[in-house]
Amino acid sequence: MSAPLSEELKSHTAAAHSRAEEATFVAELMGGKRDAAALASLLAQSLVIYRALEKAQTAHVDHPQLGGFIDAKLDRVAALEADMAFHYGADWEAQLAGGRIAIAPATVAYAELLDTLGRESAEFILAHHYVRYMGDLSGGQIIASLVQRHYGIPAEGLNFYHFAAIEKTKPYKDAYRERLDGADFTRTQKDAILAYAADSFELNRAVFVDLGTLLGAPAVRA
Ligand code: HEM
């Protein structure tokens, strides 16, 4: 008997999770060594990624196993667009389209993958759905409180981390894990989901590494 999928996912991705968590840019951002502009740049990358993820997942709303995970309460694009207006001003969309808001190569590559493989493979989308949304409902809450404290960013600039339609994150995450464990995935599907989830952490870590390069070293290194 194999372990429930939620446990397999957590254990299979634990090392990749630590590598992403320990990415220098993330550690500096959470350690107060960066600034509000660095957080704004991270949000801009997230907007590109979530626009691709939330577009690709629409191809799977009727999927017998994946459909149940797709939940408007999780959607991040509108929250990210509000954050973009806060950090970059009302004409942020024109700035983005005009290349005046830097989008890292790793972000573009990640979004392209979501756009292509994401439409074809339900297993691929579920893996990224789990890594991103369960991550935002977990570590994301920690990041929000740290950047608020270190850089004085008000809630108006941190909508991405606030799931307005989810009252309590823990019961939501527990129900998400139950849904993972209750879905009748074959062994082959599970192995694909596990592999894609580990890749997803690496794709996210690559965005952090690129951002560190793009923004240059912080004024004061730890
Ligand atoms: C940046 C620093 C990060 C911190 C401090 C952090 C912290 C945490 C913590 C405390 C949990 C456990 C929550 C629980 O058991 O309920 C967690 C879970 C998780 N994190 Fe992170 N995390 C970070 C980065 C990331 C990143 C970059 C991703 C992916 C992009 C991510 C994805 C996840 C996922 C998918 C889970 C859920 C694991 C599960 O319960 O199945 N985390 N994180």
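This is a predicted model: local features need pLDDT of at least 70, side-chain atom pairs count only at pLDDT 80 or more; totals for chains, interfaces and linings use all residues.
The overall picture is a helical one. The secondary structure of the chain amounts to ten helices and zero strands, and reading from the N terminus the elements follow the order α-α-α-α-α-α-α-α-α-α. The radius of gyration of the chain is 17 Å, close to the 17 Å given by the globule rule for 222 residues, so the chain is as compact as a globular protein of that length. Along its principal axes, the C-alpha trace spans about 55 × 35 × 35 Å. Of the contacts between residues at least 6 apart in sequence, 82% join residues at least 24 apart. The accessible surface of the chain is about 10,500 Å², and 56% of this surface belongs to carbon and sulfur atoms.

Turning to the interior, buried residues account for 47% of the 222 residues in the chain. In soluble globular proteins, nonpolar side chains tend to be buried together. Here, the largest nonpolar core contains 66 residues, and L39 and Y161 are those with the most contacts inside it. Helix 3, which covers residues 36-56, gives the most to this core, with eleven residues. What does L39 touch, once its neighbours within four places in sequence are left aside? The contacts of L39 are with L29, H87, V147, I153, G157, L158 and Y161.

The structure holds five aromatic pairs. One of them joins Y50 and F160 in an edge-to-face arrangement, with 5.4 Å from centre to centre and 65 degrees between the planes. This pair links distant parts of the chain, since Y50 is in helix 3 while F160 is in the loop between helix 8 (139-151) and helix 9 (169-182), 110 residues apart.

Another edge-to-face pair is formed by F69 and Y176, whose centres are 5.2 Å apart and whose planes make an angle of 65 degrees. F69 is buried, with a relative accessible area of 2%, and Y176 counts as buried at 5%. Ring pairs also connect Y50, Y133, F160 and Y161 into a cluster; Y161 is also one of the residues with the most contacts inside the largest nonpolar core.

R34 is in the loop between helix 2 (24-30) and helix 3. With a relative accessible area of 11%, which is under the 20% limit, R34 is therefore buried. Leaving out residues up to four places away in sequence, R34 touches F25, E28, L29, Y151, G212, L215, G216, A217 and P218. R34 and D181, in turn, are 147 residues apart in sequence and 39 Å apart in space, from C-alpha to C-alpha.

H17 itself is in helix 1, which covers residues 5-21.

Notes: Residues are numbered from 1 along each chain as its sequence is written. Side-chain values use heavy atoms; hydrogens and water are left out. Helices (H or I, at least four residues) and strands (E, at least two) are DSSP runs, numbered from the N terminus. A nonpolar core is a set of buried Ala, Val, Leu, Ile, Met, Phe, Trp, Tyr and Cys residues joined through side-chain atoms within 4.5 Å. Buried means under 20% relative accessible area, exposed over 50%, partly exposed in between (1.4 Å probe, protein chains only). Contact means heavy atoms within 4.5 Å. The radius of gyration is taken over C-alpha atoms; the globule rule is 2.2 Å times the number of residues to the power 0.38. Accessible areas come from the Shrake-Rupley method with a 1.4 Å probe; for residues, only the protein chains shown count as cover. Rings of Phe, Tyr and Trp (its six-membered ring) pair if their centres lie within 6.5 Å; planes under 30 degrees apart count as stacked, over 60 as edge-to-face and the rest as tilted.
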